[in-house]
Amino acid sequence: LLTAAVVVVAALAACKVADTRPEDGAGEARKEATLRSGYACCNLHYNDDWISDSNLAQLPFIPAGTPIKVKKIDGWRAYVDVDGKPMRLGLDFGRVAETTEQWVNKLVVLDDPRVKIARFPPGVRGAIDKGQLMKGMTREQVIMSVGHPQTDENPRLDGPYWRYWWSSFGPYYVYWGKTGAVSKIDGHSETVNNMTYKGK
């Protein structure tokens, strides 16, 4: 009889442990759901659900300040929710210069850039709204408008120019003046025309 009672007590204890144990993978899922939550640092161009570090300017873009939640980083990809829509970030070109996590942390910032954009001059706000450029913009404003330049081609941001891409075959260049502001936008005439803000 004593043996039977011991067995019953042991069985009840086991049930209690089983009831309180989290489901397999639940802890990992919660971790993925809260990996990073913030905002698009800048206008992020996309093709279907893919956002590449090439950020080709001819593609449609997600506006700077759009809420983004990073769910998972796997290799050179990050799985995210962009304002509730599942998408992927892909570090396609800058893999030698930075890790995927470093790149993702540049794209998904903790402070909403729209607060700062609202304080910029009207012309700069208009250029960022259209994903274009104008002379006199700062490095920060250029990044907000056309994104971070590829790190494989622009390892240092204090150089005399940054190289960007309108399409896979259409580069353009943003030159910096002595004051640190945009002094010239150079490239194929059609690309420069597409990337230059002309006001309303």
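This is a predicted model: local features need pLDDT of at least 70, side-chain atom pairs count only at pLDDT 80 or more; totals for chains, interfaces and linings use all residues.
1. Rolling a probe the size of a water molecule over the atoms shows where empty space is left. In this model, three cavities reach 30 Å³ or more. The volume of the largest cavity is about 60 Å³.

2. Lining of the largest cavity. The residues that line the largest cavity are L44, S52, D53, N55, W103, L107, G147 and H148. By class, this lining comprises three nonpolar residues, four polar residues and one charged residue.

3. Helix 5. This helix covers residues 122-130, and its buried residues are V124, G126, A127 and I128. Which helices do the buried residues of helix 5 pack against? Their partners are helix 4, spanning 113-117, and helix 6, spanning 139-146.

4. Disulfide. The model contains one disulfide under the distance rule applied. The bond links C41 to C42, with an S to S distance of 2.2 Å. This pair qualifies because the cut-off for two cysteine sulfur atoms is 2.5 Å. Are C41 and C42 buried or exposed? Both cysteines are buried, which means that each has under 20% relative accessible area.

How values were computed: Residues are numbered from 1 along each chain as its sequence is written. Side-chain values use heavy atoms; hydrogens and water are left out. On a 1 Å grid over the protein atoms alone, a cavity is a set of points where a 1.4 Å probe fits but cannot get out, and a pocket is an open set with protein on both sides within 12 Å along at least five of seven lines; lining residues have an atom within 4 Å of a point. Grid points are joined across faces, edges and corners, and a volume is the space filled by probe spheres set on the points. Ala, Val, Leu, Ile, Met, Phe, Trp, Tyr, Cys and Pro count as nonpolar, Asp, Glu, Lys and Arg as charged, and the others, Gly among them, as polar. Buried means under 20% relative accessible area, exposed over 50%, partly exposed in between (1.4 Å probe, protein chains only). Helices (H or I, at least four residues) and strands (E, at least two) are DSSP runs, numbered from the N terminus. Contact means heavy atoms within 4.5 Å.
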